[in-house]
Amino acid sequence: MYNISNRIAVVTGAGKGIGRAIAERFVKEGPEGLALLDFDFDLVSKTAKELDPTGKKVIAVKCNVADPESVKEAFAKVNEVFGRVDILVNNAGITRDGMFHKMTFEQMHAVMDVNFFGVYNCCAQVINGMRERAYGKIVNISSTSSYGNVGQANYSASKGAIEGFTRTLAKESGRKNITVNAILPGCIDTEMMRAVPEANMKAILASHPMQRLGTVDEVANLVMFLSSDESSYISGECIITSGSYIIH
Ligand code: CAA
């Protein structure tokens with residue numbers, strides 16, 4: 001349905017959860033090349049092998065998105081194998097939940113470093129190549145938590161930062177045929193969500209009009225659309241997918 005047969009894509013945090021679902025979705029459309037980046041190399045290698053046993057189209061690359069040196073090395077590897085990056089999906093993210101009055105400096109920084117500076121570090125590695133070739137698709141995974149969520153001052157701040165960054169990069173990149181969008185998943189059935197205490201989870205589900213969590217595939221479908229030429233006139237948007245839990 002989507003033609004990405006001449007596109008090289010990179011997905012961060014691709015070992016499991018939403019990142020893995022995005023990788024699976026891309027593979028269904030047959031990209032020219034797909035690089036799966038993750039901090040956990042064993043996990044992402046296993047994922048890459050499951051998606052492409054030949055190892056020719058899908059590669060695994062170790063990358064700590066919070067560390068500019070690690071990101072530089074990872075993208076050097078991608079360029080060595082595939083020659084360029086056309087599509088970048090910044091999905092890597094962590095939580096360190098806690099009430100703000102108890103939140104440590106380390107909890108705040110760990111989340112900002114991975115969630116926001118990870119996006120910055122990866123975009124910095126691809127933006128000049130995309131500008132030179134006058135083609136690029138950047139999709140940043142934010143969260144509905146950017147609207148505020150008890151216990152997530154750090155996470156909300158990091159995701160809000162992604163959204164401002166997305167809008168500005170979109171405006172700066174339009175004349176170079178690069179689209180930059182963010183997706184704000186609501187409560188998606190992932191390991192991250194399963195770590196929420198049971199009592200909170202019950203309250204969360206009760207306030208969902210659809211009475212269910214979203215699936216990773218539902219997020220991946222939107223990522224696929226925004227990574228394809230079908231969405232060529234959509235840029236700078238921060239799009240919610242939460243089954244009407246959050247409407248903005
Ligand atoms: N508003 C204000 N205060 C609240 C509150 C609320 N909604 N809920 C609890 N509190 C208060 C409590 O009454 C308590 O007050 P006192 O200290 O005065 O007694 C205080 O906050 C602490 O409550 P707890 O003892 O329950 O605190 P805790 O430190 O053990 O846990 C928490 C707090 C970390 C926030 C925990 O409740 C939690 O993990 N909540 C879930 C957070 C969440 O929604 N995470 C989303 C993860 S999924 C994700 O992030 C993906 C995505 O993109 C959406």
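Trainee: So if contact means heavy atoms within 4.5 Å, what do the buried residues of α2 pack against?

Mentor: They pack against α1 (17–29), β2 (33–38) and β3 (58–62), where helices (H or I, at least four residues) and strands (E, at least two) are DSSP runs numbered from the N terminus. Keep in mind that this is a predicted model, in which local features need pLDDT of at least 70 and side-chain atom pairs count only at pLDDT 80 or more, while totals for chains, interfaces and linings use all residues. Residues are numbered from 1 along each chain as its sequence is written, and side-chain values use heavy atoms, with hydrogens and water left out.

Trainee: Which residues of α2 are buried?

Mentor: In α2, which covers residues 41–51, the buried ones are V44, T47, A48 and L51, with buried meaning under 20% relative accessible area, exposed over 50%, and partly exposed in between (1.4 Å probe, protein chains only). Because they cover an arc of only 95° around the axis, taken from the directions from the helix axis to the C-beta atoms, they sit on the same side of α2.

Trainee: And what's on the face turned away from that buried side?

Mentor: That face carries D42, K46 and K49, which are exposed.

Trainee: Switching to the ligand, how many residues surround it?

Mentor: There are 18, and the closest are D97, S143, N149, Q152 and Y155; a residue counts here if one of its heavy atoms lies within 4 Å.

Trainee: Which side chains have polar atoms facing it, and at what distance?

Mentor: An N or O atom in the side chain of N149 is 3.0 Å from an oxygen atom of the ligand, and a polar side-chain atom of K102 lies 3.3 Å from a ligand oxygen. For N200, an N or O atom of the side chain is 3.2 Å from a nitrogen atom of the ligand. Here a polar contact is a pair of N or O atoms within 3.5 Å.

Trainee: New topic: is I188 buried or exposed?

Mentor: I188 lies in the loop between β6 (178–185) and α6 (191–194), and because its relative accessibility is 6%, I188 counts as buried.

Trainee: What does I188 touch?

Mentor: Leaving out residues up to four places away in sequence, I188 touches I18, M193, L213, G214, T215, V216, V219 and T241. I188 and V216 are 28 residues apart in sequence, yet their C-alpha atoms are 6.4 Å apart in space.

Trainee: Last one, what about phi of A134?

Mentor: Phi of A134 is near 55°, a positive value in a residue other than glycine. A134 lies in the loop between α4 (105–133) and β5 (136–141), and with a relative accessibility of 34% A134 counts as partly exposed.

Technical notes: Polar contact = N/O pair within 3.5 Å; in protein donor to acceptor, adjacent residues only side chain to side chain. Contact = heavy atoms within 4.5 Å.
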